[in-house]
Amino acid sequence: MFIIEAIIGLICFFIVNILYDTYITKRSSSFIQLDVISVVQTIIAMSIYSIV
């Protein structure tokens, strides 16, 4: 279950980062940069989730 939650969180963060990068900041980052940011956000969220 933990792996499924991590994958869902990664996908959600990736989509949010793409939308933020495209529509709010109006710049074009590479998918690799957005993926690294999404992975870090997912790790932080899962560590907070496991502590609480």
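Helices here are DSSP runs of H or I with at least four residues, numbered from the N terminus. This is a predicted model, in which local features need pLDDT of at least 70 and side-chain atom pairs count only at pLDDT 80 or more, while totals for chains, interfaces and linings use all residues. Residues are numbered from 1 along each chain as its sequence is written, and side-chain values use heavy atoms, leaving out hydrogens and water.

**View 1. Asn 17 sits in helix α1, which covers residues 2-24.** Asn 17 is buried, with a relative accessible area of 10% (buried means under 20%, exposed over 50% and partly exposed in between, using a 1.4 Å probe and protein chains only). Leaving aside residues up to four places away in sequence, Asn 17 touches Leu 34, Ile 37, Ser 38 and Gln 41; a contact means heavy atoms within 4.5 Å. Gly 9 and Asp 21 are also among the buried residues of α1, and the buried residues of this helix pack against α2 (31-51).

**View 2. Helix α1 from end to end.** The expected span is 1.5 Å times one less than the number of residues, so the 23 residues of α1 should span 33 Å, and the 31 Å between the end C-alpha atoms agrees with that. Just past the helix, Lys 26 adopts a positive phi of about 55°.

**View 3. Asp 21 and Arg 27 form a salt bridge.** Their closest N and O atoms are 3.4 Å apart, and the rule asks for a side-chain nitrogen of Lys or Arg within 4 Å of a carboxyl oxygen of Asp or Glu. The count by this rule is one salt bridge.

**View 4. Phe 14 and Phe 31 form a tilted aromatic pair.** Rings of Phe, Tyr and Trp (its six-membered ring) pair if their centres lie within 6.5 Å, with planes under 30 degrees apart called stacked, over 60 edge-to-face and the rest tilted. One aromatic pair is counted by this rule. The ring centres of Phe 14 and Phe 31 are 6.1 Å apart and the planes meet at 40°, so the pair is tilted. The pair links distant parts of the chain, with Phe 14 in helix α1 and Phe 31 in helix α2, 17 residues apart. Phe 14 is partly exposed at 23% relative accessible area, while Phe 31 is exposed at 58%.

Definitions and conventions
Helix = DSSP H or I, 4+ residues; strand = E, 2+ residues; numbered from the N terminus.
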